[in-house]
Amino acid sequence: MDARLRRIAAKLALVRGLPGRAYSFGEEKHGFRLGPPLPESRVAAFETEHGIRLPECYRSFLTTIGHIGTGPHYGLESLDDWYHAVLDIPRPGHLATPFPLSPTGPAPGPDWYEALDGDDPEPFPGALTLAQRGCSLATLLVVSGPARGRIVNVDLDLGPPAFCHDRDFLAWYERWLDETANGLDRSGFDVSLPYDVPTLTSLLREAPEPSQRDAAAWTLGRYPTLPPAAASALRAAAVGDADAGVRRAAVIALGRRPGPADEATLAQALTDPCDGPRLAARGALSRRGDGWHDQAQAQAQAARPAAGE
């Protein structure tokens, strides 16, 4: 734990001024400034008040590094504002009630809220607000239940929650620092995998589950540049993966900074039998100006509404 905290503190001191670093959506709110650590007595009093023990990674961060500011999206929320994304006012017992979902259980479907117990159940008990993501979106830290210590992204309009792939708070926070330092595109942080490019490339080519290949494609697409092997894997997935969602993710990844070989693949994706990859390819190629592939230009022209429609 101490080694991880020292490493994160060192990165925090360096990342803000790095040339070419990424800038997070909402960064203007915290200005890449982190508030001072909280006294142990303050954290212990919070735990006693709510009948919980904070996950050790988050607890150590609060008492060693800082407690509000620098972080993903609009930055880390104050511990005093733990309820802002989930409740209008603090509610006794909320944090001690187990969070109803687990990253090892079935993925919640669109009707996940209706499946909870009770006539009007609280959707996100046992979790405190880490960061606001804009509109109805927020990131929570689970503090009670089988998912304790995990990060979960929620939609306050009750869309299905999604657990981050990071194993704990420090892994999530350090990945954000690393991605910021390496200039990764700010979109997609919440669904990205915490692996290096060679591992992501292997997952995209070989992972048995479409969800893993999809996440690998999204993550690779956030890098400002990719080695040839990774770019080749994206091109192969864009037109050859058995899952339409993976093909769409790979097309979007290629479309962010396409080279000539990528444009040819995007044009090929215009003939995909599924709407997702096909429309993603059309959107990517439509941003290429006069460099459109002839097939892409014809497809885009055909898709335009007739005059007067």
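I count two strands as paired if DSSP finds at least two bridges between them. Strands (E, at least two residues) and helices (H or I, at least four) are DSSP runs, numbered from the N terminus.

I am working on a predicted model, where local features need pLDDT of at least 70, side-chain atom pairs count only at pLDDT 80 or more, and totals for chains, interfaces and linings use all residues. Residues are numbered from 1 along each chain as its sequence is written, and side-chain values use heavy atoms, without hydrogens and water.

**Strands**

I began with β1 (residues 127–134), which runs antiparallel to β2 and is joined to it by six bridges. I looked up Gln132 and found Ala138 in β2 as its bridge partner. Two residues lie between the strands of this hairpin, and Cys135 takes a positive phi near 55 degrees.

I then followed β2 to β3 (residues 151–155). Five bridges join the two, again antiparallel. Leu140 stands opposite Val152 in β3.

Why is β2 (residues 137–142) largely enclosed by the rest of the structure? Because five of its six residues are buried (under 20% relative accessible area, with exposed over 50% and partly exposed in between; 1.4 Å probe, protein chains only).

**Largest pocket**

I turned to the lining of the largest pocket. Helix α7 (210–220) gives the most to this lining, with five residues. β3, β4 (162–163) and α7 each supply at least two. I sorted the lining residues into twelve nonpolar, four polar and four charged. Here Ala, Val, Leu, Ile, Met, Phe, Trp, Tyr, Cys and Pro count as nonpolar, Asp, Glu, Lys and Arg as charged, and the others, Gly among them, as polar.
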